[in-house]
Amino acid sequence: MSDDKFLEVKKLASEIRDFYKQDTRQDSFNLLLCGDKGSGKTVLSTTCRKPVHIDSFDSGGTKALKPWIEKGEIIADTRWEGDDPFKPTVFEKWQTEMAKRERVGYFNHLGTYYLDTATSWAGCIMNYVLSKAGIAGEAPRFTHDYTPQKVKIINWIKRMLKYPCDFVLTGHLEGTKDEVLGKISYRFMTTGKGEVTIPLEFDELWIADTQLKSTGVEYRLITCRTGPYVATTRIGKGVFELYEKPDVKYLLKKAGKNYEDKPLLF
């Protein structure tokens, strides 16, 4: 190889290295947290980097968070709870609010943005799609309505993953049976092939789980695949145990990541 070509190779390698160093996504933390109702998904927000902003789409979902809300550690936006399928307004208003937040740099000042839950959020998106089609409150049509819903879901997830704060999306689990092996596995519940493609967008996929002990119910996180649960971690490879205590900042510290809070907003 000539000296000139080798210099070009070195220049190209240097540009790639510089891009990697400047790529904020390499130091970001994002999590798809799945679990059944009552498994501790919403309460996990109290262990995230503060301040935590929760967009709550589940009616009454933030009631257990009042002590943290009163201290200003958690900002709970409950305007998105209880969309009317016959006169839906929630998703359109949420989109407008998100654009305003982006415009003023709101996410720069958050430790964590928490969207709770994907199931109800996706329901609001479907209400919006059906309303725009002039069939609000009716059953979705397979090709006409599910496709625009899926596009909205994935496009917004990609957008939120770029925010300059930690991002947590909660969701529910859906069982799928392997007809050949007869085994059941539990995956992120969403529309169509999104159960496979959406988790691929996230670095972390954890399962919120409970175990009944003689002392009562123990809450825990499953951080890698075991039995019927599909879970994975990138930041915790070789570091996390199969079962970890439900504490995000503890796990960030354990993985050698930034776990410091940002100044509270009030």
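Tutor: Let's start with a term: buried means under 20% relative accessible area, exposed means over 50%, and partly exposed lies in between (1.4 Å probe, protein chains only). This is a predicted model, where local features need pLDDT of at least 70, side-chain atom pairs count only at pLDDT 80 or more, and totals for chains, interfaces and linings use all residues. Residues are numbered from 1 along each chain as its sequence is written, and side-chain values use heavy atoms, leaving out hydrogens and water.

Student: Okay! Is Cys165 buried or exposed?

Tutor: Cys165 is buried, with a relative accessible area of 8%.

Student: And what about Cys48, buried or exposed?

Tutor: Cys48 is buried too, at 1%.

Student: New topic: where is Thr226?

Tutor: Thr226 is in the loop between strand S9 (216-222) and strand S10 (243-244). Strands (E, at least two residues) are DSSP runs, numbered from the N terminus, as are helices (H or I, at least four).

Student: What is Thr226 in contact with?

Tutor: Setting aside neighbours within four places in sequence, Thr226 is in contact with Leu242 and Tyr243. Contact means heavy atoms within 4.5 Å.

Student: How far apart are Thr226 and Tyr243?

Tutor: They are 17 residues apart in sequence and 10.0 Å apart in space, C-alpha to C-alpha.
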